[in-house]
Amino acid sequence: MLSAVAVLNEVLDTKDPQAVIEQLTDSPLGFTNMDQDNLNRYADTLIELRGEALAKGQEFLTWNDVQKCIDTVNVEVHEEHERIIALAEINEALNSGDHHQTLAALLLPTAKLTGVNAVTAKHYHDVLQHTKRLLCQILPLDTEEMTSGDESAVLWLDQIQEAIHTANQGEEEAVALAGAVADINRTVAEGDSQNTLQALQVPSAGLRAVLPECADTYQAELAQRQASSATEGSTDGVWVKHCMKDRYDYYYNLETGQGTWEEPEGFEPNGGQLSKEEIQSVVSCLTAEYNREQLWMANEALVTQLQARVRGYLVRKRHAQRMEYLRQQEPHVVKLQACWKGYKQRKIYKDRMNLLQKNVSSIVKIQAVAKMWKAKRSYNQRLQYFKDHEKEIVKIQAFLKANKARNDYRTLTGAKDPPLSVVRKFVHLLEQSALDLQEEQEVTRLREEVVTNIRSNQQMEKDLNLMDIKIGLLVKNRITLQDVVSHNKKMKNKKNKESKEDLTAGDRLGIKGLSKGKRRKLEAYQHLFYLLQTNPHYLAKLIFQMPQNKSTKFMDTVVFTLYNYASNQREEYLLLKLFKTALEEEINSKVDQIQDIVTGNPTVIKMVVSFNRGARGQNTLRQLLAPVVKDIIEDKSLGINTNPVDVYKAWVNQLETVTGEASKLPYEVTPEQAVSHEEVRNRLEASSLALRSATDKVLKSIVSSLDNIPYGMRYVAKVLKNSLHEKFPDASEDELMKIVGNLLYYRYMNPAIVAPDGFDIIDMSAGGQLHVDQRRNLGSVAKMLQHAAANKLFEGENAHMTSMNNYISQTYEKFRVFFQSACDVPEPEEKFNIDEYSDMVTLSKPIIYISIDEVINTHSLLLEHLEAISPDHNDLLHELLQDLGDVPDVETLLGEGAVDPNDPSRESALSQLAKTEISLTLTSKNELLDGDDKDLKTLMIKTKKLIVAVVRIQHGETLPAILETPATVSQESEHTKIVERRAVQDALTPEGLKSSPAVLEDSQLPLEQKKRKILRNLRNLEQAGVLTISNKYQDLVNDISKDIRYQRRYRQRRKAELVKLQQTLTALNSKTAFYQDQMNYYDAYIKTCLDNLNRKNSRRSIKLDSKGENKGSKKWKPQSLKYTAARLHEKGVILEIEGLQTNQFKNVMFDISPTEEVGDFEVKAKFMGVEMEKVQLHFQDLLQLQYEGVSVMKMFDKAKVNVNLLIFLLNKKFYGK
């Protein structure tokens, strides 16, 4: 047996329950009372017991230990079985509906329930019934809506025990509440208001909004209610009924102070007792009245001030009327005043003489005063000393004040938790001054000019490239001269038209017309483009859904336009986010091998290089390469030729030129034959040395100018490296650096070195071009750097260059360090200090300038590839596209009537009008409505703005102290002046720079209301876990100090952006001038061709189109218009005139003449030549009526006028539209 016990212990050590069961059943251990149903439990318990024994140091379990464990498990299983039977009896009792049966089931010993009180049996039954209904998800019968659930569900032991505890607590709460309500009724009946107040404030009564100041009113009103209740019902009863938790009825005996859950026999409620709900209603009503009275008393000073201002206005009005009367009577008043002044002066003179004669003693006193003045003179001299040194005193005071200000600013910027007293001194920096608004407007204007010039230059470049092609075809006789002349005319006409049009050409009609429907369409497009701009994954997916040729055009136009060619830091940040997302998408979906980036033509890489080498990156490439490229071009002695055959042929030609005899050497040789000649080898060696020298110059310029490379190129290189490393983790560092080198050098810099004239690296005159030798020198240097960047050695066809392989390896190491440093750049969030919430605190909203054709193209592409871009139909993109509906045509966006439908060239005109540009102010559709504080970030910003407004007025050490201290009258007055001044400033602020309506509404609140709203917002933020009052909201103060520092950095960035935009605009203007020179050169070339044709026939001439040169030279002068009512009726302007037949309209004449104020007209009506009435007509009012959809208005209270046709008439006759 001992061996069997030992085997059992070994099996227990394996912790395998199945093995333990087999050992218990198969071994001859002879255990008793074993139940086959409990074998698994025996095994688990024995394994646990074995573990405890080993932990205590016991070597093995004995036979007795195992037998005892089996007996214990049997007892536990038996008890659990009996408890389940008891639970079943409890649930059956609940289903029977008899609370006595329920109590008997609860008292069963086998249930082992605690805290069961027989008196509370009815309440136990009700609570358990309610718990079971909740468990079954079935609402009470008196509820209108029923929810389906499992009606067979039963309550378990922990739920029953919890219900018993809940019922016991309800018993205690009911007794306390009933006693408290009885005490309130008793004190009210006694008539002592203080005792009544104390009874109302008892916590067990659960009454809210009880104020000590209203004790007397509480007593009076409650007594009245009690008396009226006594008259309506009987007061003989001793029982009062209370409804607990709106569910359970509790009956309280007023005499014994005891209560019961069962309705007493012969129950008759005491009608003289007020219930808790009636008492609460009285208290709430009286407290609200008291608070209202206190509010009026608190604002008594403001009411008095308002009355004083009204009275002052009335007094000033009477004074002005009196002064006007006096001015009208001025000649008579002057005469009266002259007579009176003469009389008065004579009287004064006589009185003065009599006074001097009678007051000799006074003269003596005057002399005494003179002596006293002498005594004071010495004192004044001392004061004069201080006045003489006033500048020194001012300097000392200024030094002390400046030192204090510097210390405060160091505390603001350096301290972890700057005190509120320090932050308060700098909160004025958060205000937007007139200079801020001016700079914002200037930035917006310059950004518009930059974008416009970029697009204009791109179009001019395309036209000039096409002109190059056409002239080339002309030279080859592939096209006629007339085709070239026609293209030149179109190019000049297009430029003249662009110079006359502006971005608001489509603002009068179409999508930006003054109507609500068009305004909603415009806002929908603004929301759509904001979503595309700020969520790069949409455009990233769209780019790869289109064919490559179509996606390239889409990127060159719509994408760069959407980001304003990264004209500011925000748009550069968003554009880089698009590059990153698109590049990662392309690598993950289209790159199967790491070399695909080099051998293929990745769309995103091409887009990045095109952008950074285009309008924004040309200055960088020019600074980087222009000096060394100029040195190579201007070095006349430099001749780099590493082709042995070309060197051999040049040598043979030179020999024949010098000797004058035909050379005996063969003309056609192989590279190996050419290298066999000593002279050729010497010349190749000289070229190699010159090539190394020139390459070193260019390499040194590139490596030393790391900071000049655009941040966008370096960041994309970093993303490229990291993305490739993530997809190809086995790739070596050298492989990754070669890919980076392919991007930074081969794709970005190499073309600019090979063709500097094509990338604006050097200045070229119109028609000028590089010499063949110069271009070969640059090509050789570029080829050498290309091999070095890729660490590609010369071999095969370039075997004669193997001597340069060692130099290439050395140069690659320098390039490798350069490429690694180029990838070491911070993330855009850190670089630009921009995050997802920056749009909420910037002063101006983003604006893009986009053509009608680009809007339509983007809309159609999104609809075409919507499922691929956004599979989720609940996505915001689906909602915005649904708001926009189908893709509109050009005429819809430009407005009906933009092109004459009968015009034979209508399609061509629409195609040209599709290039009309409009400005879109981008906004997010998810911006919160006024007063909606669900977004914690927005709530935090609003709260900070309110706190800044409060701390500027009120002093205090901590934020809670300021908010809890009432504002004085002077502080309220000062705050009112600040609000009025800010309102005036907001009225002068341009529409695009104004704050949101919610912020403006908060800023106009009185000081105390602002403080109350701050407290409410702080409670909401604290509940959300954003702030805590334990540190007196120091986190919020820290955020305000960060905002102050951010505002300073934002102003610095804005000034830097102004300088950058001005420089960019200067460069663009220079490029425009270059393109203009090119156009003038082509124009001269074409004129020369035409002159050559004219010489063939002197009688024939080709006249260039010069139409329209003098158009607009005459100044238009406004004059009045005269129409009869009959004529205006024919035009549809006048619909009818009340009291006048249509055949009498010819007798009515209308005279419309402009006034000195722009947009104002004076309309006179004459009947039979007699002037009857005249009215002032404001063009702005007509536009407002048109915007609101009002088509008919009344004039002179008699004539009904068509608003739209009247606007058309005024536009046509007075504005030439």
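**Notebook: helices and rings**

I started with helix α28, which is mostly covered, with 13 of its 17 residues buried (buried means under 20% relative accessible area, exposed over 50%, partly exposed in between, with a 1.4 Å probe and protein chains only). This is a predicted model, so I kept to its limits: local features need pLDDT of at least 70, side-chain atom pairs count only at pLDDT 80 or more, and totals for chains, interfaces and linings use all residues. Residues are numbered from 1 along each chain as its sequence is written, and side-chain values use heavy atoms, with hydrogens and water left out.

I then checked the length of α28 (residues 711-727): from first C-alpha to last it reaches 24 Å, close to the 24 Å expected at 1.5 Å a residue. The expected span is 1.5 Å times one less than the number of residues. Helices here are DSSP runs (H or I, at least four residues), numbered from the N terminus.

Next I looked up aromatic pairs. Rings of Phe, Tyr and Trp (its six-membered ring) pair if their centres lie within 6.5 Å; planes under 30 degrees apart are stacked, over 60 edge-to-face, the rest tilted. I get 8 aromatic pairs by this rule. Trp 340 and Tyr 343 have ring centres 5.5 Å apart and planes at 40°, so I logged the pair as tilted. Both sit in helix α12 (residues 330-358), 3 residues apart, about one helical turn. Tyr 343 is partly exposed at 42% relative accessible area.

Phe 815 and Phe 819 make a stacked pair, 5.2 Å centre to centre with 10° between the planes. I found both in helix α31 (residues 805-822), 4 residues apart. An α-helix has 3.6 residues a turn, so residues three or four places apart point the same way.

How do α8 and α9 cross? The axes of α8 (residues 193-200) and α9 (residues 215-232) come within 8 Å and cross at roughly 90°. Axes are lines fitted to C-alpha atoms over the stretch in contact, with angles from 0 to 180 degrees between N-to-C directions. That makes the two helices roughly perpendicular (65 to 115 degrees). Among the residues that meet are Leu 197 in α8 and Tyr 218 in α9, where contact means heavy atoms within 4.5 Å.

Last, I looked at His 130 in helix α6 (residues 121-136). His 130 is buried at 16% relative accessible area. Leaving aside neighbours within four places in sequence, His 130 contacts Arg 247 and Tyr 248.

Terms used
Parallel < 35°, antiparallel > 145°, perpendicular 65-115°, else oblique.
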